[in-house]
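This briefing goes through one structure, topic by topic. Keep the sequence and the 3D view open while reading.

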Amino acid sequence: MSAVGASMHDLALRRLARVRRRGIRERRWMHLSLGLGVAMIALVVLATVIQPLLPLPSPNTQNYAAVLQPPSFSHPFGTDNVGRDVFSRTLAGGRIDLPIALLITSMSVLAGVCLGALAGFIGGWVDALIMRLVDIAIAFPFMILVIAVIAIFGPGVKGVIVGVPLVGWSVYARLTRSEMLVVREQEYMLAAEVLGLSRRRALFKHALPNIWRPALAFSMVEVVLNIVLVASLSYLGLGVQPPTPEWGGIIAEGQQYILTAWWISTLPGSVIVIVGLGFSLVGDAAADILGRDLTLAAS
Amino acid sequence: MIGRPASESSPAEQPLLSVQGLSIGFPTRSEAVAMAADEVSFEVQAGHTLGLVGESGCGKSVTLRALIGLVAYPGQVVGGSAKLEGRELLGLSQHEWERVRGSKVAMIFQDPMSSLNPIYTVGNQLCEVLRLKRGLRREEARSEAVRLLDHVGIRAAASRLRDYPHQLSGGMRQRVMIAIAIAARPRLLLADEPTTALDVTVQDQILALIAELRQQMNMGTILVSHDLSVVAQVCDEIAVMYAGRVVERGPVDDVLENPQHPYTEGLAEAVAQLQGAHANGRRALKTLGGQPPSLSDLPPGCSFAPRCRYRQPECEQFDMHLQRSTATQLTACLIRQRQPRPRAGVGDEREAVL
């Protein structure tokens, strides 16, 4: 009898230890992915920032003595058809792509969270109006709308900066509104009102800080999409114009040599992959830390 | 067990809160308006507690909400008056309400688990009220917060200021809620089933705390509850509500010992008795049969008549006005207004209630 009891006790203890180990493993994995992601982003950002200081040819210097050179020690990413250093161009391109992607993402988040929170908090016709705008933004083919805005502003950075947030805010608005609908009914919101706090204070101090997390975690994923989007628009000739070095532009120019000089398109492309992976890892960890499963929210 | 102040008060004194004919309507799908509160009248003296009792959905909470200007949409106050220290509350603008709430009227809720904001520390939430409502500066607010937490019986108050709500037990959170509610020294404290979510020992402590603060601060208190033993413990007066109406009002001892309205009688009988159960052998708990009527489809006349064991045909014409049926009790019952219920054997009913 006591032997059975003891073995059951042992079993339970072992099970507890296993659960604990798993918890530690998961936490360690989360910290690892966060650290790895931050490191990858930091590496690329640092490289783009210090590019002018590196012993490299300037991004737009043409060198007809060294066209279509494969990667080597003096040209880590090789050279293109007019002898420009692809590594130097890639790093310089990052100084355009990364800030634009961050800017348009944060504009989308800011606008979306504010409008979504207002819609959920005020309700009524304000809610109806904002949510119909969301429907329009989501229903309208994204690329077409962005291209239309660029057609109005003319090709270049400005069109991208205006066009992308014009659509991008809608996801965050939906996300935040649904969070607000939950928070609005919480008793602490009623308590804030009962204590005689103003509605503005209730909204900004008591509701907003409870609902921006999912939007923030999702925006980490969206930075990646926006980097690719900026590059795609340039690739299509709608974004940043050549000869300004920009990731999409570099890849587009390189694609005609893809069979003979694979490095012109592929190596800048892999830098995009590194940044993208970095933001994805950070986004993943952020979703874990902020305690929300984003699979539902993102769909 | 819990100190109750003597309820002697000079009748000439102006009551702290005087509610007259308060009516709250909710629109229904048909043309009719459901009256969640219908001609509700009562008074609360400073330093006294009124117990508001009745079954779920009888209009207790909505009446309370009206007194702090937060009747849930789409409900509307459609008539009556509520004067706090002589000042009319009903019909205040949103801006005026913001100044009354917290500093004149405060409210505590049933569920202390969700009435504190989870992302701010206890100190942050307490200081917010102190700074906004009492105009204290940061440092003053902090020391006042410590004093308040200490006052509501939280030990090591200074270190508790840095705690988040999830670090506190249910009873502690309710203490914090009470500290926040009294932070701006309100004259009237509304308590909407403040102990329902707590276990029985904590319940006693919280009730004792509310009673103590009420005495110290000379606040009027309205306690909504469907637990008659809670009401018997801490209230001075009681108002029994049924289907949006006050059906009986009076000093708590008189009403519970000698209930006049058949509904009150039913409620008092339905209180579970632990004591004496063995002596009498097993006895089934007396219950009140039936359910309250739908507010949008009230029976004609007395709305309690369909469940009433004393029902008479003329009850269907009765307009449910309150009228004195004993020296201290007002009753909205035709039968009792004609002939008051005689006092039962002394001690008998009291035991049943407590």
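Strand β10(B) and strand β12 (residues 330-331) of chain B run antiparallel and are joined by 2 bridges. Across this pairing, B:Arg249 stands opposite B:Leu330 in β12(B). The model is predicted, and the points below are grouped by element.

**Strands β9 and β10 of chain B**

- β9(B) and β10(B) form a hairpin, with 2 residues between the strands.
- B:Ala243 lies in the turn of this hairpin and has a positive phi of about 50°.

**An open sheet in chain B**

- Strands of a sheet pair through backbone hydrogen bonds, either parallel or antiparallel.
- In chain B, 4 strands form an open sheet in the order β2-β1-β4-β5, with antiparallel pairing.
- The edge strands are β2 (33-44) and β5 (87-88) of chain B, each of which pairs on one side only.
- Strand β1 (residues 17-27) of chain B is joined to β2(B) by 8 bridges in the antiparallel sense.

**Helix α2 of chain A**

- Helix α2 of chain A runs over residues 86-122, which makes 37 residues.
- From its first C-alpha to its last, α2(A) reaches 53 Å, close to the 54 Å expected at 1.5 Å a residue.
- α2(A) has a kink of about 30°, centred on A:Gly94.
- Of the 37 residues of α2(A), 26 are buried, so the helix is largely enclosed by the rest of the structure.
- A:Gly123 follows α2(A) and has a positive phi, near 70°.

**Other parts of chain A**

- Helix α4 (residues 142-153) of chain A has 12 residues, which should span 16 Å at 1.5 Å a residue; its end C-alpha atoms are 17 Å apart, which agrees.
- After α4(A) comes A:Gly154, with a positive phi near 85°.
- Helix α8 (residues 213-235) of chain A contains A:Phe218.
- A:Phe218 has 21 other C-beta atoms within 10 Å; the cut-off for a buried residue is 20 or more, so A:Phe218 is buried.
- A:Phe218 and A:Ser33 are 185 residues apart in sequence, and their C-alpha atoms are 16 Å apart in space.

**The nonpolar core**

- The largest nonpolar core has 172 residues.
- B:Leu126, B:Ala179 and B:Leu190 have the most contacts inside this core.
- α2(A) gives the most to the core, with 15 residues.
- Leaving aside neighbours within four places in sequence, B:Leu126 is in contact with B:Ala145, B:Leu148, B:Ala179, B:Ile180 and B:Ala183.

**Where the two chains touch**

- The contact takes 13 residues from chain A and 21 residues from chain B.
- On the side of chain B that touches chain A, α2 (94-100), β6 (105-108) and α3 (122-133) of chain B each supply at least two residues.
- The residues on this side of chain B divide into 11 nonpolar, 5 polar and 5 charged.

Technical notes:
Residues numbered from 1 in each chain as written. Chains lettered and ligands numbered in written order. Predicted model: local features only at pLDDT ≥ 70, side-chain atom pairs only at ≥ 80, totals over all residues. Contact = placed C-beta atoms within 7 Å. Nonpolar A, V, L, I, M, F, W, Y, C, P; charged D, E, K, R; others polar. Expected span 1.5 Å × (residues − 1). Bend = angle between axes of the 7 residues up to and from the residue. Buried ≥ 20, exposed ≤ 12 C-beta atoms within 10 Å, placed from the backbone. Pairing = 2+ DSSP bridges. Core = buried A, V, L, I, M, F, W, Y, C linked by C-beta atoms within 7 Å.
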